[in-house]
Amino acid sequence: MSKHGIALVIASALALAGHALAAPKVIEGDGISGPSGMVWIPGGEFLMGSDHKLAQSNERPTHRVKVGGFWMDRHHVTNADFRKFIKATRYVTTAERKPDWETLRVQVPPGTPRPPESALVPGAMVFVGTERPVPLDDYSQWWRFVPGANWQHPRGPGSSIQGKDDHPVVQVSYEDAQAYAKWAGKRLPTEAEWEFAARGGLEQATYAWGDDFEPAGKTMLNFWNTQKRPFPVVSPKAGGATGTSPVETFPANGYGLYDMTGNAWQWVTDWYRADYFRMLSYSKLVVNPVGPAESYDPEDRGVPAAAPKRVTRGGSFLCNVDYCLSYRPSARRGTDPYNPMSHLGFRLVTSGEDWDKGKARHTSSVR
């Protein structure tokens with residue numbers, strides 16, 4: 001049976017489980033009736049957020065939202081996809097440029113002295129792990145700024161994406177994702193669009209496929225399995241560092257979307273406010289929300305509460321039961337838009353109207 005056939009079987013099984021909003025139907029674009037490599041998300045009303053016992057405060061409370069239909073990339077933008085963009089445009093990513101102090105200073109406490117020029121070098125944040133178990137109250141123990149880290153060298157100069165064309169591109173900033181989207185004639189999804197799509201036609205299921213984390217013992221995503229090794233230990237004895245897996249390694253959700261949770265976090269367009277869902281909950285129905293006007297995150301220690309942050313969704317290969325648990329459709333966090341990381345990528349969307357217009361322009365140009 002093909003992967004797409006398996007997706008339909010899973011969707012049908014989930015519908016029988018009682019969470020379905022409507023029986024999902026996987027509609028893939030073929031380049032004629034829809035954009036190739038994308039699937040149709042029909043839109044509709046749903047309960048956004050979560051009041052589940054696993055939910056964090058920024059996911060609460062649930063609130064009713066309506067989104068219009070749109071096309072979404074079947075999987076993350078891959079290394080091969082991003083390479084085509086770089087080759088066509090000669091774009092230089094954020095991680096490959098010298099950091100700008102005026103951009104950095106808004107992310108640190110007021111009065112922080114400017115670092116010396118020798119410290120302002122191109123690079124990005126890399127998960128380096130620890131050699132032994134540590135208290136999980138300080139992520140700086142397992143994250144480090146690594147000079148020379150970028151999308152081609154996700155873990156630093158000694159690393160490579162050779163043989164990983166089908167892995168999600170990572171070490172891309174929000175600005176990089178927007179540049180790629182403009183080139184591709186698409187856009188990043190809103191947070192509401194992303195969550196609606198991630199749920200795959202299920203109403204308030206814990207995961208993108210239902211309530212059972214491993215249905216029939218089947219692994220459904222790329223995550224950090226703490227039963228095999230404690231987080232964030234990456235010593236050779238514990239099995240070494242983890243990383244992304246090829247896209248479409250695990251089953252698709254009800255709409256035919258792969259890796260909506262796990263593998264790599266995904267940028268969306270909205271500014272991040274920790275209390276945004278509470279703000280929306282006072283309305284009976286919110287139609288096509290596009291996020292707050294500014295950022296607000298009082299929970300991130302050492303960072304000003306109003307520091308600019310964009311929403312990231314979906315969790316990554318680092319998420320685990322002891323620390324992150326962000327491989328749920330409602331999980332959300334805020335990320336500095338100029339901060340590329342080794343577990344952060346993106347996927348794109350386009351409206352049906354935009355696809356039709358683009359197709360019409362292409363048709364007229366070849367006559």
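Tutor: This is a predicted model, and we can begin with a single residue. Leaving aside residues up to four places away in sequence, Ser351 touches Phe70 and Trp71.

Student: Where is Ser351 placed in the chain?

Tutor: Ser351 sits in the loop between β12 (349-350) and α7 (352-365).

Student: Is Ser351 buried or exposed?

Tutor: A residue counts as buried when its relative accessible area is under 20%. Ser351 has 13% relative accessibility, so Ser351 counts as buried. Across the chain, buried residues make up 51% of the 367 residues.

Student: What should I look for among nonpolar side chains?

Tutor: In soluble globular proteins, such side chains tend to be buried together. Here the largest nonpolar core has 39 residues, and Phe82, Phe127, Tyr327 and Phe346 touch the most other members. At least two residues of this core come from each of α2 (79-89), α4 (174-184) and β7 (265-271). The element that gives the most is α4, with four residues. Another core, of 25 residues, lies apart from this one, and Met72, Trp194, Ala198 and Tyr272 are among its members.

Student: Which residues does Phe82 touch?

Tutor: Not counting residues up to four places away in sequence, Phe82 touches Val77, Thr93, Trp151, Val169, Val172, Tyr180 and Phe346.

Student: How many helices and strands does the chain have?

Tutor: The chain has seven helices and 12 strands. Of the contacts with a separation of 6 or more, 73% are between residues 24 or more positions apart.

Student: What about the surface?

Tutor: The chain exposes about 16900 Å², and carbon and sulfur atoms supply 54% of that area.

Note on methods. Residues are numbered from 1 along each chain as its sequence is written. This is a predicted model: local features need pLDDT of at least 70, side-chain atom pairs count only at pLDDT 80 or more; totals for chains, interfaces and linings use all residues. Side-chain values use heavy atoms; hydrogens and water are left out. A nonpolar core is a set of buried Ala, Val, Leu, Ile, Met, Phe, Trp, Tyr and Cys residues joined through side-chain atoms within 4.5 Å. Buried means under 20% relative accessible area, exposed over 50%, partly exposed in between (1.4 Å probe, protein chains only). Contact means heavy atoms within 4.5 Å. Accessible areas come from the Shrake-Rupley method with a 1.4 Å probe; for residues, only the protein chains shown count as cover.
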